Amino acid sequence: MKTLSFLALLFACLTVSGGPVLAAAPPPTAIEGLDALYPELDALYRDLHQTPELSLQEEKTAAKLAERLRKLGFEVTPKVGGHGVVALLRNGKGPTVMLRTDLDGLPVEEKTGLPYASKMKAKDAAGAEVAVMHACGHDVHMTSWLGTATLLARTKDRWRGTLMLVGQPAEEIGAGARGMLADGLFKRFPKPDFAVALHTVATAAAGTVQFTPGYALASVDAVNVTLHGKGGHGAYPHTTVDPVVMAARTILSLQTLISREKSPLEPGVITVGAIHGGTKHNIIPDEVRLQLTVRTYKPEVRKALLAGIERIAKAEAMASGAPRPPDVNVTEGTPATFNDPALTTRLVGAVGRVLGEKNLSEAPPTMGGEDFSEYGSAGVPAVMMWLGITEPKRFAAAKAAGETLPSPHSPIYAPDRERTLRTGVTVLTTAALELLGRP
């Protein structure tokens, strides 16, 4: 009962000014602690938003977070799997609870018009200069994560165990979690009993949270297919092996993997997002390159689709009399995100008691992807919850009008800052206290 009382007071402190009071007014000491913390978090959020860094370049972002965690008393290890940060706060015997945030921004030019909008430029992996923006809410994730770390460091009498904070790089290219695990994340450091993360969504109002038990996000595989032909003059196709025709047949045949080889009850998507070949209208090229994205939930469906892509590409090449088999390469693969059902139920109950059940709702799974899935695949019960970011009146108006709100990766992706941050800290702190041991 003491823990629930603390959580209720905590949320009352976090309630946005002018918003509904969902709990009785806390004693002055609790209000003082939270009111003193929020301006620091707000300043951190603005700074992070203005200074995003691309995947694999998050050096300054990681350093900012590491410095603050050291001051809070965490044991901090930088440069895990690149610019990853691992911070441990040991507080007696009990479970190890991992809270993960991602660090990287996107090559997107911000067009929100906010006074703290990003104006950052950086060189991408190809050496081209690009604008950089936190267009996926990673700045919200980091700020909520640090706010939770601060509150738990200041209330060690409320919990027992080990708090494990993981600042993960390169989420946007699906490489960060895999890199940290390869660098000994669960060998050099305690393997957690539970892992929790947040992800912002514009399809929910700020101050609300969504959850998805079981499969929540799809596996993601990028597949590059190069079809080899025999080039020549467009007026004399009989002297060539046309890879453009080969590619057209391949693209259409690939969809039979979805419509005829996969159970209609199992989700799966194969999208050919790019096709490159040829230079002139009367020249048949030597090769055509296809770029695919493949999305599934179950590992066996994923395996079958990837094998089917290679089989069909080879078969179409053979049918065309191609001089050699195609090259088929799978890159940037991440498994599906599976929210442990029992853990989801437990956390939803805890968060609902604090946030109010009316502010929680179940969301359907989607075919987006997230490399947070790697930790669950490594054997840790894990849950990712969705944090609403849209100002409530704006959300209601858009819903009534049937308007589509900006999705992640949009140049106008802009959270309702204070309400979102306060709710994010509430959810992560509640989850951690629910899972950590009691005094």
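## A look around the predicted fold

Ala170 sits in the loop that runs between strand E6 (161–168) and helix H5 (176–182). Most residues other than glycine have a negative phi. Is Ala170 buried or exposed? Its relative accessibility is 0%, so Ala170 counts as buried.

The loop here is the one between helix H2 (28–50) and helix H3 (59–71). Leu56 has 55% relative accessibility and therefore counts as exposed, the cut-off for that being over 50%.

Now for the chain as a whole. There are twelve helices and 18 strands in the protein chain. The radius of gyration is 24 Å, which agrees with the value near 22 Å that a compact globule of 439 residues would have. Along the principal axes, the C-alpha atoms fill a box of roughly 85 × 45 × 45 Å. Of the 439 residues, 53% count as buried. Looking at contacts with a separation of 6 or more, 81% come from residues 24 or more positions apart.

As for charge, the chain carries 46 positive and 44 negative side chains, with the centres of the two sets 3 Å apart.

Inside, the largest nonpolar core has 49 residues. Which of them touch the most other members? Those are Leu69, Phe74, Leu99, Trp145, Leu163, Leu165 and Met385. Take Phe74: beyond its neighbours within four places in sequence, Phe74 is in contact with Leu69, Ala87, Leu88, Leu89, Ala149, Ala153, Leu163 and Leu165. There is also a second, separate core of 24 residues, including Met164, Val166, Ala177 and Ala382. In soluble globular proteins, nonpolar side chains tend to be buried together.

| Pair | Separation in sequence | C-alpha to C-alpha distance |
|---|---|---|
| Thr155 and Glu59 | 96 residues | 30 Å |
| Phe211 and Lys187 | 24 residues | 30 Å |
| Glu261 and Gly308 | 47 residues | 8.9 Å |

Each pair has a member worth a visit. Thr155 belongs to the loop between helix H4 (138–154) and E6. With 15% relative accessibility, Thr155 counts as buried.

Phe211 is part of strand E8 (residues 209–211). Phe211 is buried as well, because its relative accessible area is 14% and the limit is under 20%. Setting aside neighbours within four places in sequence, the contacts of Phe211 are Thr344, Val348, Leu360, Ser361, Glu362, Ala363, Met385 and Trp386. Met385 turns up again here: it is one of the residues with the most partners in the largest nonpolar core.

Finally, Glu261 lies in the loop between helix H7 (243–259) and strand E12 (268–277). How does Glu261 count at 47% relative accessibility: buried, partly exposed or exposed? Glu261 counts as partly exposed. Not counting residues up to four places away in sequence, Glu261 touches Thr256 and Arg311.

Key:
Residues numbered from 1 in each chain as written. Predicted model: local features only at pLDDT ≥ 70, side-chain atom pairs only at ≥ 80, totals over all residues. Heavy atoms only, no water. Core = buried A, V, L, I, M, F, W, Y, C linked by side-chain atoms within 4.5 Å. Buried < 20%, exposed > 50% of the residue type's maximum accessible area, 1.4 Å probe, protein only. Contact = heavy atoms within 4.5 Å. Helix = DSSP H or I, 4+ residues; strand = E, 2+ residues; numbered from the N terminus. Rg over C-alpha atoms; globule rule 2.2 N^0.38 Å. Lys, Arg positive; Asp, Glu negative; His and termini not counted. Charge placed at Lys NZ, Arg CZ, Asp CG, Glu CD.
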